[in-house]
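Trainee: Could you pick one part of this structure and take a close look at it with me? I'd like to hear what surrounds it, and then move on from there.

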Amino acid sequence: MTVVDDLLDQTNLLHKLIRIPKDFDSNENNKEIIAKKSVIASGKNLWKHSKRGSLTNVSKNGFTLEAPSRYDSWAPGDPTDGDYVGYGNTEASLKIDNENWQEYDRLAFRINTKCSEIINPNIIFEIHNDGKQKIPDQYNREGYHVINLSNNCEKTYFLNISDLPRDKITEIGFSYEINGSYMDIPGEYSVELENISLQKVLDATPTHGWKPNKISYSHDGYQNNERKVAIVPDNDINNEFSIIDAETKNTVFNKKIENLSNELGKFKILDFTDLDQSGIYQIKLGTKTTAPFKIGTYEDIWGKSIPKVLNFIYGERCGYPVPGIHGTCHEDVIAKKDEKTISYNGGWHDAGDLSQQLIHSAEATQALFRIANVTSNQKLSERLLEEGNWGLDFIFKTDFGNGFHATSAGVSRWTDNMIGTMDDALARVHDNPYENFLLSSILADISQQKMIDQDMQKRLEQLSVSYFEIALKRFKQTPYEKEPIMWEHTYNTSKATYNATYNATIVAAAGDCYFITKDEKYLSIVIEFMNRMINCQESKGLELFDGTILKGMFYRDASHKVLQHFNHQAREMLFAQAFSIALKLPISEVLRDSWKERARDYGEYLLYLRKFTYPYPMISSGVYLDGENADKESFDVQHLLIDDSAYSEYETQLKAGVQVSEHAYIRRFPVWFSFRGNDSIILSTANSAAIMGRLLKNKELMNLANAQLRWIIGNNPFDQSLMFGEGNNYQQEYSNSSGDMVGELPVGIETKDDEDVPYWPQFNNATYKEVWIVAATKWLSTVSELIKGEEKDERR
């Protein structure tokens with residue numbers, strides 16, 4: 001029985017969640033402690049309670065923090081509409097007398113959890129430093145950590161603080177955000193915490209920089225014909241390595257280790273590219289041996305990740321009882337238009353909180369149908385289709401007609417499901433043309449998948465054409481109209497920002513409408529907006545210091561002042577989709593040759609970005625110009641929740657990258673501020689590279705796409721899989737509402753301050769470690785494109 005079949009059997013075809021692995025965070029348990037200091041309350045510095053709930057059993061060594069599961073009023077200072085809030089929080093804090101904790105690299109404390117009816121009991125730790133570098137930081141990201149607790153369990157927890165500023169500690173605190181209970185059954189949060197200590201350990205886990213921790217390799221494996229590289233620190237004493245058969249333990253490959261020195265540092269490279277025989281292997285380096293991994297096809301490598309990602313998506317279902325997490329939920333999140341009212345529940349919760357985004361659920365629906373269309377496991381395919389149909393139901397349900405859709409809701413609480421009480425939430429309703437163009441393309445694409453029945457196909461085609469026509473009419477009246485509120489996750493598609501992406505979306509949607517209707521008016525629209533998109537592309541080329549003529553990248557608009565970047569919401573794949581669809585249409589040879597040349601330029605640009613992160617597989621973010629921050633309208637929409645300091649920090653972040661010409665820089669990670677983490681960004685680029693690889697029959701682009709998956713599953717400096725429950729050596733992520741779920745993916749590895757160096761602390765918080773349906777969606781989309789490319793399937 002395959003791993004996939006076993007998971008399907010264990011979970012009743014994934015209708016109950018995959019079991020959480022035991023002791024997944026046990027690495028910290030085994031570290032040798034070489035120094036220790038208790039953190040106790042004494043004198044004037046005693047544990048103090050604030051906000052709601054209560055603090056009991058207070059002693060110098062600990063306390064009990066308690067709160068009911070909900071309140072019937074908002075906490076003081078919370079928005080009166082309850083947007084993105086729970087029912088307040090309860091907090092215990094301890095003042096610290098400006099102590100220097102730099103001698104220690106770990107905190108430990110014991111927690112006994114005694115909650116009732118709390119869906120995901122957790123506790124938030126916070127630490128304040130007033131030294132050279134302040135924490136919490138200006139965006140309240142650094143210095144907070146959320147621990148998902150096991151109920152009725154007593155356990156010692158360890159926190160790695162080795163890369164936190166801690167030269168002048170002024171306060172620590174523990175808190176809980178009160179956010180409801182299972183089916184609104186009265187519940188109680190109760191957590192006993194004691195024995196807080198500072199520790200110095202013999203081998204603190206690194207969380208910052210390019211130097212690899214142990215052996216950096218792809219935990220799931222490598223495709224037969226791609227370059228296969230593992231990375232070890234330059235101080236490793238071995239001169240050669242071997243690959244062994246995981247079952248027989250026989251050596252199948254030997255090679256000398258290569259030395260590498262570049263801008264990222266000094267490394268030793270284990271290159272086993274010449275081993276292309278499918279199988280299950282291990283790397284052996286002296287006395288160290290890795291866990292087994294595969295060499296094989298894309299489906300061989302990533303196939304078992306598919307049901308795990310599906311598990312996470314299923315766990316995020318909204319409006320449906322998910323065994324082990326929640327009952328029917330959010331029936332009192334409502335959307336209104338004219339005299340109509342609907343319950344805005346369905347689809348999937350968006351992230352670690354319980355918010356909803358129509359477009360994100362629609363993109364997840366598309367990804368589910370696409371992966372169902374290519375996986376070779378029939379049972380899994382049928383289960384993916386079932387989940388996809390849950391998403392379609394939500395798209396249909398939220399359509400108010402005439403282009404109006406219930407689009408989003410900011411929710412961070414479990415509600416009582418009764419409309420008319422104080423905890424109701426109101427969803428936003430808009431008729432923005434961009435959303436209609438995007439929905440048109442998504443539904444048309446789903447309608448073309450082979451597993452759609454005829455009645456559903458007809459309905460999807462009708463809606464796709466209808467949405468397109470409504471969007472086009474509105475677009476002609478107000479071109480590139482901006483979303484009215486920043487919380488819409490298509491907010492950055494206005495003329496001031498993503499004009500090029502907007503044009504690409506119209507190309508894809510119009511092309512799909514042509515496939516559906518064969519009406520040549522859609523060909524004219526494709527040609528018009530394909531030319532608009534290409535007018536936003538660099539065609540002449542920027543001359544770089546090394547003589548390279550760099551072209552193919554896109555600017556935000558035809559003025560060529562600001563280059564196209566993604567720093568959170570990433571839809572890089574829209575360019576590739578536009579090229580792929582447009583080049584399948586019956587157009588003139590002159591146009592085809594011109595567009596194909598531009599497609600090649602774009603593909604070459606993606607490949608150019610590889611070299612700045614070698615030997616790691618992560619693609620660089622892209623090229624930036626030094627004056628882009630002068631375009632305030634664009635900058636403010638691209639970077640949310642910033643202050644004026646971001647304008648000067650932009651220049652600082654550029655200089656931390658690689659200057660490639662007088663005015664251009666390559667950033668390995670994006671320029672970003674409040675919203676950090678790059679899984680969605682690199683997966684969007686991976687999706688784009690795979691589409692372009694299939695279109696141009698370019699194996700290197702397919703390898704580039706696959707490389708991004710490898711980075712996420714262990715082939716990074718931290719030898720850590722970012723997908724919970726897949727690969728090995730993974731940590732708890734920020735899933736504060738629903739708890740840990742196998743297959744969850746976070747927003748991604750971030751950077752520290754203005755650096756351009758990977759930073760992946762154990763601390764989890766929004767946004768970098770927050771689990772996100774978007775990352776899961778893009779994972780499935782990329783895997784489906786790779787499998788299609790390997791099968792030489794010419795369907796879109």
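Mentor: Let's start with what covers the buried residues of helix 3: the cover includes helix 1 (3-10), helix 2 (298-302), helix 4 (358-372), helix 5 (378-397) and helix 16 (773-790). Here a contact means heavy atoms within 4.5 Å. Helices (H or I, at least four residues) and strands (E, at least two) are DSSP runs, numbered from the N terminus. Keep in mind that this is a predicted model, where local features need pLDDT of at least 70 and side-chain atom pairs count only at pLDDT 80 or more, while totals for chains, interfaces and linings use all residues. Residues are numbered from 1 along each chain as its sequence is written, and side-chain values use heavy atoms, with hydrogens and water left out.

Now the helix itself. Buried means under 20% relative accessible area, exposed means over 50%, and partly exposed is in between (1.4 Å probe, protein chains only). Among the buried ones are Ile306, Val309, Leu310 and Phe312, but also Lys308 and Asn311.

Side chains of opposite charge can pair when their charged atoms come close. The side chains of Arg694 and Glu785 meet in a salt bridge, 2.6 Å from N to O. Arg694 lies in helix 14 and Glu785 in helix 16, so this pair ties together parts 91 residues apart in sequence. The rule for a salt bridge is a side-chain nitrogen of Lys or Arg within 4 Å of a carboxyl oxygen of Asp or Glu. Arg694 counts as buried at 12% relative accessibility, and Glu785 is buried too, at 1%. Through shared partners, salt bridges join Arg370, Asp445, Arg694, Glu785 and Lys788 into one network.

By that rule, the count comes to 38 salt bridges. Take Asp423 and Arg70, whose closest N and O atoms are 2.9 Å apart. Asp423 sits in the loop between strand 26 (404-409) and strand 27, and Arg70 in the loop between strand 4 (62-68) and strand 5 (89-99), 353 residues apart. Both Asp423 and Arg70 are buried. Lys521 and Glu469 also pair, at 3.1 Å from N to O, but Lys521 is partly exposed at 40% relative accessibility, and Glu469 is partly exposed at 28%.

The largest nonpolar core has 216 residues, and Trp47, Phe468 and Trp779 have the most contacts inside it. Helix 14 (residues 679-696) gives the largest share of this core, 10 residues. A second, separate core of 17 residues includes Phe253 and Ile257. A nonpolar core, by the way, is a set of buried Ala, Val, Leu, Ile, Met, Phe, Trp, Tyr and Cys residues joined through side-chain atoms within 4.5 Å.

Asp220 is in the loop between strand 12 (188-201) and strand 13 (221-223). With 3% relative accessibility, Asp220 counts as buried. Not counting residues up to four places away in sequence, Asp220 touches residues including Ile301, Trp302 and Lys304.
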